[in-house]
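Morning, everyone. Please have the sequence and the model open while I talk.

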Amino acid sequence: MPKIQYTERAETLLQQTVENCKSYRHEFVTPEHMLECILKHTDLPALIELFASPTQLKKKVKEHLRTFDKMPENREYQPELSAQMAQLIERACQKVFYSSAEQVDIPHLIHAMLELEDSWAAYLLKEAIGDNEEIFMSDIILWYENELQDEGDDVLDESVEEEGESQAAWKKLVTCMNDLVDSHNPLIGRENELERTIQVLCRREKNNPLHVGEPGVGKTALVYGLVRRIVDGQVPNRLKDSRVYQLDLGSLLAGTQYRGDFENRLKMILEGIRHEQRGIVYLDEIHNIVGAGAIGESSMDAGNMLKPYLEQGDIRFIGSTTYEEYNKYFSRSKGLVRRFQQIDILEPSVSETVEILKQLRPKYEEFHGVVYEDAALTWAVEASAKHISDRFLPDKAIDLIDEAGAAMEIRKAENGTKVVDKQLITEILAKTCKVEAMAVKEDDSERLSTLQAHLSAQIYGQDEAIRQVVEAVQMSKAGLTDDDKPLASLLFVGPTGVGKTEVARVLARELGIELVRFDMSEYTEKHAVAKLIGSPAGYVGYEDGGLLTDAIRKTPNCVLLLDEIEKAHSDIYNILLQVMDYARLTDNKGRKADFRNVVLLMTSNAGAQYAAQASIGFSGHVSRGEAMLRQVKKTFKPEFLNRLSGTVVFNDMDRHMATLILHKKLNQLQEKLTTKKVEMELSEDAFEQLLKEGFTREYGAREMDRVIAQRLKPLLMRQLLFGELKNGGKALVTIENGQLQVTVKHV
């Protein structure tokens, strides 16, 4: 514990206690010696008189002290602290250390005395005050804080306060914004809101503005803009020479232990500001005053304490809060709402924010020692507006250029100048906001132009499906789609094993973003759907949040795959309507997930039982996928299908597609064998055998995987573990007696 200071009156009391011990010729200084000094030299008897006779208490303390042994008269000595006295002082110091107080005062010593165990001082004092210990301590704190306030008023009354003299006590609990205005960013724009604020402050009654707006839109900056005008004298006479004090309720509440502590501090501050006559109080997060300082069922909170000052008009108040907290807390106090004039602080537009950043540029260039390009500032605003959904302009754009300036500081300068360009802003956005580079690059047209070719090289026989997927992504990148919708919302329809899920995997890999997959067969029950956005309040799992909303908040730029969507409960479609329409989803706690940078893909096997009948009758030319599509239109609601970017029908597997897939699967197997220094070669007969067994229209490519896993891999496994391929070699796969056979040829 650091060294604790004592107030002057506390030091005097301790000295009197030692002298009192000496006067009795006692060897040890005890709490009883201190209690007698408190009763002799302080105003405590007047407070005790409210509960019992202070004269009786003095008499009992003296009688007890006379029972102590005395030191011989002719012997010189220095009294020592008793164990209980040392414990008392230690506890008093702890109270200061764990509270917002700066020095040990008499109330701390009395409180510590009352907490002593097996102490006559504690027993006698508790006997006098009875069961009123809390009220007694509250009265003591109130008494001594009033004395402190009187000292502060003496300072206020001085016409000239010399430099270095102690400040009024109440000023230590507030922040004067006039003194800090030069260290804050200048206010840019907001002329209408500022004029309205000044107009309200000049009213005769209800002259208290209340700024309501989302976090980061510039509510505090607006107040500093007002302070700058006051300092520069650019305000009406009624506001000239005003001082704006920011009141931090957290600091006022810190360390308050007894009834009356908080009220006394707040009253001391308000009286001090009223004494200045032109004081304005700024209450950031003003909703916190509703209920602050209230005890039990009492209605006396900070809000009710402010009402007399709000009525009198001696002090003007400026409050700020968000819409959510205004509705949740502040609006409950009708008396406060009536006394404030609401001023809405809306989020600035992109063009307004660009202008704000251009005017802030000199400050940030000087601070970071860099140069910001115009294009970088514009891109910082546009990119943050598009990709950062849970924060607001201009705050999120300012953070982006600040972060970019800090990043450039640690890099080596090129040609002696460190320049923040558009590319650096993109890198910072990708790192700090979880937005992958592919999502924010506007000039990556080469990668997009080859996207279809790359997908077609890995997915066989589904050219039309791939074309629709690629065009949907390219359309959004070209800026031709609605900004408030996902990049694409596609429903994949087709038989099992034809590549629906594989397209999603390959697309995510080619775009360089993450694949987030949900198996919708896990959400067949009505109550299971709640897991996606979180359980309602009062239900099990409420604290866990929503699986889908949390996943998108963690990876806002991804390919979202909802596999086998038709198996989910019908309530899931109501959730997806909101996602496809507005690219927003709200969880059980009111937090929003942003789907604007999500490629939403859904797969469906709906109508698979009807697909086999596609070639029967007069409609024999209808493919299995098209037959399934007809069933899909019966399975899904029209409003769901109407919001899709497109419905992609996957072709049935044919022999040519199966041949290409088999080659792909064998190449993947060869890659694994290469790490074991093994080269595999299949004869034409062996390849045809695998193709024959693996090609079925019913099961698609999944049957190919099973055939390779059951027929070919066991033969290779035995050779690798126990045969001639332990140290590598060439494996020849042939057919003997209708069965696959592996022979080893050493190179």
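Start at α1 and α2. From α1, the residues in contact are Leu13, Leu14, Gln16, Thr17, Asn20, Cys21 and Tyr24. Facing them from α2 are His33, Met34, Glu36, Cys37, Ile38, Lys40 and His41. By class, that contact holds seven nonpolar, five polar and two charged residues. Keep in mind that this is a predicted model.

Now the geometry of that pair. Helix α1 covers residues 8-24, and helix α2 covers residues 31-41. They pack at an angle of about 115°. Their axes are 9 Å apart. So α1 and α2 count as roughly perpendicular to each other. The crossing of α1 and α2 is right-handed.

Next pair: α5, residues 83-97, and α6, residues 106-114. How do their axes cross? They cross at roughly 120° and come within 8 Å. The class for roughly perpendicular runs from 65 to 115 degrees, so α5 is oblique to α6. This crossing, of α5 and α6, is right-handed.

Who touches whom here? On the α5 side, look for Leu88, Arg91, Ala92, Lys95 and Val96. On the α6 side, look for His108, Leu109, His111, Ala112 and Met113. The tally for α5 with α6 is six nonpolar, two polar and two charged.

Stay in this region for a moment. Aspartate 118 sits in the loop between α6 and α7, and α7 is residues 120-129. Its phi is near 55°. That is a positive value in a residue other than glycine. Why point it out? Because most residues other than glycine have a negative phi.

Third pair, further along the chain. Helix α16 is residues 350-368, and helix α17 is residues 374-387. The angle between them is about 135°, and the axes lie 9 Å apart. That makes α16 oblique to α17. The crossing of α16 and α17 is right-handed.

For the contact itself, α16 supplies Val350, Thr353, Val354, Leu357, Lys358 and Arg361. Helix α17 supplies Asp374, Leu377, Thr378, Ala380, Val381, Glu382 and Ala385. Sort the contact residues of α16 and α17 by class, and you get seven nonpolar, two polar and four charged.

Move on to the loop between α17 and α18. Proline 394 is found there. The peptide bond from leucine 393 to proline 394 is cis, with omega near 0°. As a rule, most peptide bonds are trans.

Last stop, the second largest pocket. Its volume is about 720 Å³.

What is the make-up of the lining by class? The residues divide into four nonpolar, four polar and 14 charged.

To recap the helix pairs. Pair α1 and α2 is roughly perpendicular. Pair α5 and α6 is oblique. Pair α16 and α17 is oblique. Over to you.

Key. Residues numbered from 1 in each chain as written. Predicted model: local features only at pLDDT ≥ 70, side-chain atom pairs only at ≥ 80, totals over all residues. Heavy atoms only, no water. Axes fitted to C-alpha atoms, helices over the stretch in contact; angles between N-to-C directions. Helix = DSSP H or I, 4+ residues; strand = E, 2+ residues; numbered from the N terminus. Parallel < 35°, antiparallel > 145°, perpendicular 65-115°, else oblique. Left-handed = near helix turned anticlockwise from the far one by under 90°. Contact = heavy atoms within 4.5 Å. Nonpolar A, V, L, I, M, F, W, Y, C, P; charged D, E, K, R; others polar. 1 Å grid on protein atoms, 1.4 Å probe; cavity = no way out; pocket = protein on both sides within 12 Å on 5 of 7 lines; lining within 4 Å. Points joined across faces, edges and corners; volume = space filled by probe spheres on them.
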